[in-house]
Amino acid sequence: MSNARVHPTEAERTDTERTEGCPECGGSLVADEERAETVCADCGLVVDADQIDPGPEWRAFEPGEKEEKSRVGAPTTEMMHDKGLSTNIGWQDTDAYGNALSSRQRQKMQRLRTWDERFRTRDSKERNLKQALGEIDRMASALGLPENVRETASVIYRRALDEDLLPGRSIEGIATAALYASARMSDVPRSLDEVAAVSRVDAAEFKRAYRYIVRELSLEIEPTDPERYVPRFASDLGLPEETERRARALLEAGREANVHSGKSPVGLAAAAIYAAALLTNTELTQREVSEAAEVSEVTIRNRYKELLDAAGAMFPADA
């Protein structure tokens with residue numbers, strides 16, 4: 001048998017250094033938290049560097065601030081009726097090791113899920129909120145809206161519920177209106193037709209609900225900028241960047257010439273894309289733009305000429 005000594009690993013050396021002291025002089029080791037290092041108090045040798053700080057990422061300068069910032073668990077969210085603070089029993093009929101539960105245990109877990117669901121929605125207001133927030137999440141997913149829009153829509157619906165604006169109106173109608181308002185406030189607008197297409201209520205009811213909550217909640221919603229629709233329409237149509245850039249320039253010229261006044265933002269965006277395609281020799285028909293933007297071809301024909309006039313461009317011969 002060989003008596004050759006096996007060299008210790010880095011982890012073993014580090015553990016030895018921490019227990020026996022400095023490897024150079026044998027002095028005691030101290031932790032320098034500001035530099036994330038472990039150093040020898042006698043000779044200054046850096047024994048360990050780039051240590052991970054297990055503390056919080058925030059700073060507090062007084063006890064009250066520390067208590068206020070302290071937290072544990074997942075962050076709260078307005079997108080759940082209980083703000084995500086309650087527990088949730090999973091649907092899997094397995095234990096912590098992945099083993100299947102017996103028939104008796106499955107029945108017990110089902111009873112626990114039923115009671116847990118009842119306790120999470122204690123009254124009609126919470127049941128209302130749970131249904132509405134689920135509807136908002138469903139529509140937002142269908143429309144491809146980001147999480148911040150869903151969060152804002154949930155806050156708007158909560159305000160409407162707290163101020164007793166729902167009697168006489170459907171949950172789905174107010175939820176749809178809250179999502180549409182949130183999308184506009186977050187600068188990721190969707191057209192009325194797009195939102196109505198994924199809603200469970202008809203367009204007339206949704207529009208009435210929207211006007212109602214905007215008035216009653218005093219929401220500050222600016223007119224939609226047509227340029228906000230251009231990137232999405234251009235992406236759906238597979239247009240080059242030059243065409244998209246020219247469409248933005250046409251809309252900017254139209255704004256300076258006051259062409260936007262009283263016009264549908266979606267119609268203007270669709271017309272700008274069609275006009276830009278003509279100016280950049282990109283193959284694109286009015287029908288294709290009409291289907292992507294969900295506006296009529298008549299609207300595109302009327303608006304694109306106004307935008308070209310405002311930009312001082314000559315009509316293409318085939319227009």
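**Helix packing and loop residues in the predicted model**

Helices (H or I, at least four residues) and strands (E, at least two) are DSSP runs, numbered from the N terminus. The model is predicted, with local features requiring pLDDT of at least 70 and side-chain atom pairs pLDDT 80 or more, whereas totals for chains, interfaces and linings use all residues. Residues are numbered from 1 along each chain as its sequence is written, and side-chain values use heavy atoms, with hydrogens and water left out.

The protein contains 13 helices and three strands. Of its 319 residues, 36% are buried (under 20% relative accessible area; exposed, over 50%; partly exposed, in between; 1.4 Å probe, protein chains only). Among contacts (heavy atoms within 4.5 Å) with a separation of 6 or more, 60% join residues 24 or more positions apart.

Helix H5 spans residues 147–162 and comprises 16 residues. The distance from its first C-alpha to its last is 23 Å, close to the 22 Å expected at 1.5 Å a residue (1.5 Å times one less than the number of residues). The buried residues of H5 are Val149, Arg150, Ala153, Ser154, Ile156, Tyr157, Arg158, Ala160 and Leu161. The elements that cover these buried residues include helix H4 (124–143), helix H6 (171–185) and helix H8 (203–216). Asp164 belongs to the loop that links H5 to H6. The positive phi of Asp164 occurs although this residue is not a glycine. With a relative accessibility of 56%, Asp164 is classed as exposed.

Two of the helices that cover H5, namely H4 and H6, also pack against each other. Their axes (lines fitted to C-alpha atoms over the stretch in contact, with angles from 0 to 180 degrees between N-to-C directions) come within 9 Å and cross at roughly 50 degrees. H4 and H6 are therefore oblique to each other (under 35 degrees, roughly parallel; over 145, roughly antiparallel; 65 to 115, roughly perpendicular; the rest, oblique). On the H4 side, the contact involves Asn128, Gln131, Ala132, Glu135, Ile136, Met139, Ala140 and Leu143. The partners contributed by H6 are Ile171, Glu172, Ala175, Thr176 and Leu179.

A further helix pair is formed by H10 (residues 241–256) and H11 (residues 265–279), whose axes come within 8 Å and cross at roughly 125 degrees. H10 and H11 are therefore likewise oblique to each other. H10 contributes Thr243, Arg246, Ala247, Leu250 and Leu251 to the contact. The residues supplied by H11 are Leu268, Ala269, Ala272, Ile273, Ala275, Ala276, Ala277 and Leu279.

Ala275, part of this contact, also provides a reference point for Glu306. Glu306 is located in helix H13 (residues 297–311). A relative accessibility of 29% means that Glu306 counts as partly exposed. When residues up to four places away in sequence are not counted, Glu306 touches Val259 and Lys263.

The loop between helix H12 (286–293) and H13 holds Glu294. Glu294 has a positive phi of about 60 degrees without being a glycine. The relative accessible area of Glu294 is 42%, and this residue is therefore partly exposed.
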